[in-house]
Amino acid sequence: MKMKLAWILFLVVAVFNLSTTAKAQENPTILVLGDSLSAGYNIDVKQGWVELLNQKLQQEGYPHTVINGSISGDTTTQGLLRLPTLLEQHDPEIVIIELGGNDALRGTPPNAIKRNLSKLIDTSKRSGAEVLLLGIQIPPNYGQRYAQAFFDNYAQLANEKKVKLVPFFLENIGGNDELMQDDGIHPNVKAQPILLENIWPQLETQIKSTG
């Protein structure tokens with residue numbers, strides 16, 4: 001009798017594991033690790049580019065689920081603290097890294113920002129995930145030399161780490177008052193579809209290559 005019960009329990013566990021594995025395979029995950037630009041600062045989160053990405057994936061017939069691990073105000077240091085738990089919880093196929101802007105606004109040295117971004121990329125890749133890095137620019141009033149060194153970090157890391165890059169996440173948005181909130185830093189609702197357009201070509205390439 002005990003043997004029979006043990007065998008039944010084994011079958012139940014096996015079926016559950018197979019079901020869970022199949023579900024994970026059917027629903028690969030994309031993790032977005034970002035700051036206010038991805039967290040939907042001062043707008044309805046349902047109108048943000050990350051939710052629009054969710055909708056785009058469904059429309060295009062991709063099975064992926066998007067997890068938004070973005071928090072307004074986050075720096076690369078804070079992202080490093082949160083990333084291991086997010087990777088363990090969601091086992092993403094792709095990690096989109098959109099961080100660094102808040103570091104720059106605080107005057108963090110560009111080489112320190114680069115080190116942290118490098119660690120974020122390495123941690124993501126060690127988990128088995130592909131990485132899409134989103135480049136950020138800061139206003140020139142922070143000093144042309146500093147702003148250029150900061151911006152160059154992204155292209156350098158993409159080359160060194162062999163990861164996909166969107167050179168400038170706010171392409172066709174930054175500096176356009178009609179697409180920015182009153183603070184001149186955060187994109188408004190009108191800009192969210194453009195943010196998605198800026199990353200979609202690179203992201204779709206990754207999705208197809210990992211599928």
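The paragraphs below lead through a helix pair, an aromatic pair, a pocket and a cavity.

This is a predicted model, in which local features need pLDDT of at least 70, side-chain atom pairs count only at pLDDT 80 or more, and totals for chains, interfaces and linings use all residues. Residues are numbered from 1 along each chain as its sequence is written, and side-chain values use heavy atoms, with hydrogens and water left out.

Two packed helices are described by the angle between their axes and the distance between the axes. Helices (H or I, at least four residues) and strands (E, at least two) are DSSP runs, numbered from the N terminus. The axes of helix H4 (residues 76–90) and helix H6 (residues 110–126) come within 9 Å and cross at roughly 5°, where axes are lines fitted to C-alpha atoms, for helices over the stretch in contact, and angles run from 0 to 180 degrees between N-to-C directions. H4 and H6 are therefore roughly parallel to each other, a term for angles under 35 degrees. In their contact (heavy atoms within 4.5 Å), H4 takes part with residues including Leu 80, Leu 83 and Leu 87, and H6 with residues including Ile 113, Leu 117 and Leu 120.

The whole structure has 3 aromatic pairs, meaning rings of Phe, Tyr and Trp (its six-membered ring) with centres within 6.5 Å. In one of them, the ring centres of Trp 49 and Phe 169 are 5.5 Å apart and the planes stand at 70°, so the pair is edge-to-face, the term for planes over 60 degrees apart. Trp 49 belongs to helix H3 (residues 49–59), whereas Phe 169 lies in the loop between strand E5 (164–166) and helix H8 (192–210), 120 residues apart.

On a 1 Å grid over the protein atoms alone, a pocket is an open set of points with protein on both sides within 12 Å along at least five of seven lines, a cavity is a set where a 1.4 Å probe fits but cannot get out, and lining residues have an atom within 4 Å of a point. The largest pocket has a volume of about 480 Å³, and among its 22 lining residues Gln 137, Pro 139, Leu 170, Gly 184 and Ile 185 lie nearest its centre. Helix H5 gives the most to this lining, with 3 residues. The largest cavity holds about 40 Å³ of space, and its lining includes Ser 36, Tyr 41 and His 186.

Notes
Angles under 35 degrees count as roughly parallel, over 145 as roughly antiparallel, 65 to 115 as roughly perpendicular and the rest as oblique. Grid points are joined across faces, edges and corners, and a volume is the space filled by probe spheres set on the points. Rings of Phe, Tyr and Trp (its six-membered ring) pair if their centres lie within 6.5 Å; planes under 30 degrees apart count as stacked, over 60 as edge-to-face and the rest as tilted.
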